[in-house]
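Please look over the chain before reading my remarks. Keep the sequence and the 3D view side by side.

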Amino acid sequence: MHDIRAVRNDPAGFDAAMARRGLAPVAERLIALDSARRAAIAAGESAQAERKAKSREVGQLKKEGRHAEAEALIAALNAGEAKGLADAGAAEAALTAALEVLPNILDADVPDGPDETANVVLHQHGAPPNFAFAPKQHFELGEALGLMDFAAAAKLAGARFTVLRGALARLERALGQWMIALHADEHGYAETSVPLLVNDATMYGTGQLPKFSEDLFRTTDGRWLIPTAEVPLTNLARDEILAEATLPVRMTALTPSFRSEAGSAGRDTRGMLRQHQFWKAELVSITRPEDSAEEHERMTRCAERVLTELGLVWRRVLLCSGDTGFASTKTYDLEVWLPGQGAWREISSCSNCHDFQARRMAARYRPREGKGTGFVHTLNGSGVAVGRALIAVLETHQQEDGSIRIPEALRPWMGGMEAIVAPG
């Protein structure tokens with residue numbers, strides 16, 4: 001959410017910031033809505049003041065026995081005050097509705113561009129391997145092992161679900177457990193267990209509502225299945241005033257995530273790349289404003305370590321203006337090389353949201369010195385998506401006979417297993 005005072009102070013600058021997002025000028029309309037809001041508030045306050053000022057007149061009418069006139073005056077004053085409050089509320093709601101659908105302002109170093117073709121590769125770890133055989137895609141490997149079953153999943157739930165069995169089910173569990181332990185024990189994130197169902201206010205706080213409701217699953221009682229643990233983790237700071245000494249707050253959670261994949265018909269229909277349900281280790285940080293840029297770098301390094309420890313080839317990509325998410329001011333994507341596909345695919349996004357989410361959530365902190373409070377900065381990142389990590393491990397560590405070598409980091413979580421061996 002944007003501060004309307006900043007829009008008033010620099011309307012041209014705000015329009016320029018929104019233009020980087022591909023939006024038409026909007027500052028003039030916002031300022032007009034804000035002027036109407038302030039006028040409505042002033043009228044409401046004037047009506048309240050008039051009611052108080054005329055309380056003596058009402059009392060005098062009653063004292064003189066002119067009760068009908070007194071009641072008429074009370075009714076008129078109450079109606080005026082009620083109208084003032086209603087008009088102020090409607091004007092406030094109109095301004096909020098206009099502001100809440102506008103994306104965050106991008107950092108100055110975010111490159112301009114219409115889509116992912118303008119993203120900038122900042123660093124690459126490793127080189128795509130050369131196989132002595134034609135590498136297979138993950139679903140070919142999983143089905144040949146008899147441990148990845150898309151037909152059974154379709155019978156149970158429809159498209160974009162997967163049933164994993166045996167060693168692959170254990171590998172999925174091992175990946176998640178290893179990641180959460182790494183982030184909690186070595187990276188200093190507090191392991192947190194959160195609800196998978198949340199209310200409207202929680203989805204609103206991180207920016208999923210109202211703009212992205214079609215991307216979510218909603219239950220019949222009005223709750224929402226979380227698309228990522230970012231949503232409940234970040235909202236733990238909602239309506240709170242944190243002491244500066246407690247910052248940064250770092251949290252991690254391993255949860256299922258649920259996404260409707262609206263608008264992705266026909267994309268990645270084979271395999272596990274784009275699922276309605278998947279596990280993810282999430283990282284969330286809540287910081288002072290002056291610390292968020294460095295925290296963003298730190299968080300991204302934590303996610304990168306996961307990929308390095310798994311023996312994967314990966315690269316860090318700075319997203320351009322046309323590819324940066326709604327709530328983010330700057331995002332790094334981590335992409336992993338999938339030999340079976342012969343392509344780079346996103347496996348983690350780490351974003352700095354500055355105070356954009358904090359304003360929606362009223363999440364503040366109290367400085368050690370000085371008066372008042374300020375908005376915190378919030379950050380989130382995948383540390384990483386378990387399903388995509390599973391895909392990358394299968395394709396990167398596949399052997400010519402169809403077996404899968406287990407990365408050393410995962411072997412303690414796999415009961416010492418060194419490879420998933422093909423049947424027969």
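The numbered points below go from the whole chain to single residues.

1. **Ground rules.** This is a predicted model: local features need pLDDT of at least 70, side-chain atom pairs count only at pLDDT 80 or more, and totals for chains, interfaces and linings use all residues. Residues are numbered from 1 along each chain as its sequence is written, and side-chain values use heavy atoms, with hydrogens and water left out.

2. **The whole chain.** The chain has 13 helices and 18 strands. Both are DSSP runs, numbered from the N terminus: helices are H or I with at least four residues, strands are E with at least two. The C-alpha trace spans about 105 × 45 × 40 Å along its principal axes. Of the 424 residues, 50% count as buried. Buried means under 20% relative accessible area, exposed means over 50%, and partly exposed lies in between (1.4 Å probe, protein chains only). Take the contacts (heavy atoms within 4.5 Å) between residues at least 6 apart in sequence: 72% of them join residues at least 24 apart.

3. **The sheet of 8 strands.** This open sheet has the order S1-S11-S12-S13-S16-S10-S9-S4, with mixed pairing. Strands S1 (120-125) and S4 stand at the edges; each has a single partner strand, so one side of each lacks a neighbour in the sheet. Two strands pair if DSSP finds at least two bridges between them. S4 and S9 (residues 249-258) run parallel and are joined by 2 bridges. Alanine 190 stands opposite methionine 251 in S9.

4. **Glycine 188.** Where does glycine 188 sit? Its place is in the loop between helix H8 (166-186) and strand S4 (190-191). Glycine 188 is partly exposed, at 47% relative accessible area. It touches His183 and Arg250, leaving aside residues up to four places away in sequence. Threonine 252 is 64 residues from glycine 188 in sequence, yet the two lie 9.2 Å apart in space, C-alpha to C-alpha.

5. **The sheet of 3 strands.** Another open sheet runs S8-S14-S15, again with mixed pairing. S8 (241-243) and S15 (374-375) are its edge strands, each with a single partner, so one side of each has no neighbour in the sheet. S8 pairs with S14 (residues 364-366) in the parallel sense, over 3 bridges. The bridge partner of isoleucine 241 in S14 is arginine 364.

6. **Helix H11.** H11 (residues 292-309) has 18 residues. From first C-alpha to last it reaches 26 Å, close to the 26 Å expected at 1.5 Å a residue. That expected span is 1.5 Å times one less than the number of residues. Among its buried residues are Glu295, His296, Met299, Cys302, Ala303 and Val306. An α-helix has 3.6 residues a turn, so residues three or four places apart point the same way. Just after H11, glycine 311 takes a positive phi of about 70°.

7. **The second largest pocket.** It holds about 240 Å³ of space. A pocket is an open set of points on a 1 Å grid over the protein atoms alone, where a 1.4 Å probe fits, with protein on both sides within 12 Å along at least five of seven lines; lining residues have an atom within 4 Å of a point. Its volume is the space filled by probe spheres set on the points, which are joined across faces, edges and corners. Which helix gives the most to the lining? H5 does, with 4 residues. The lining includes Met1, Arg37, Arg359 and Phe375.
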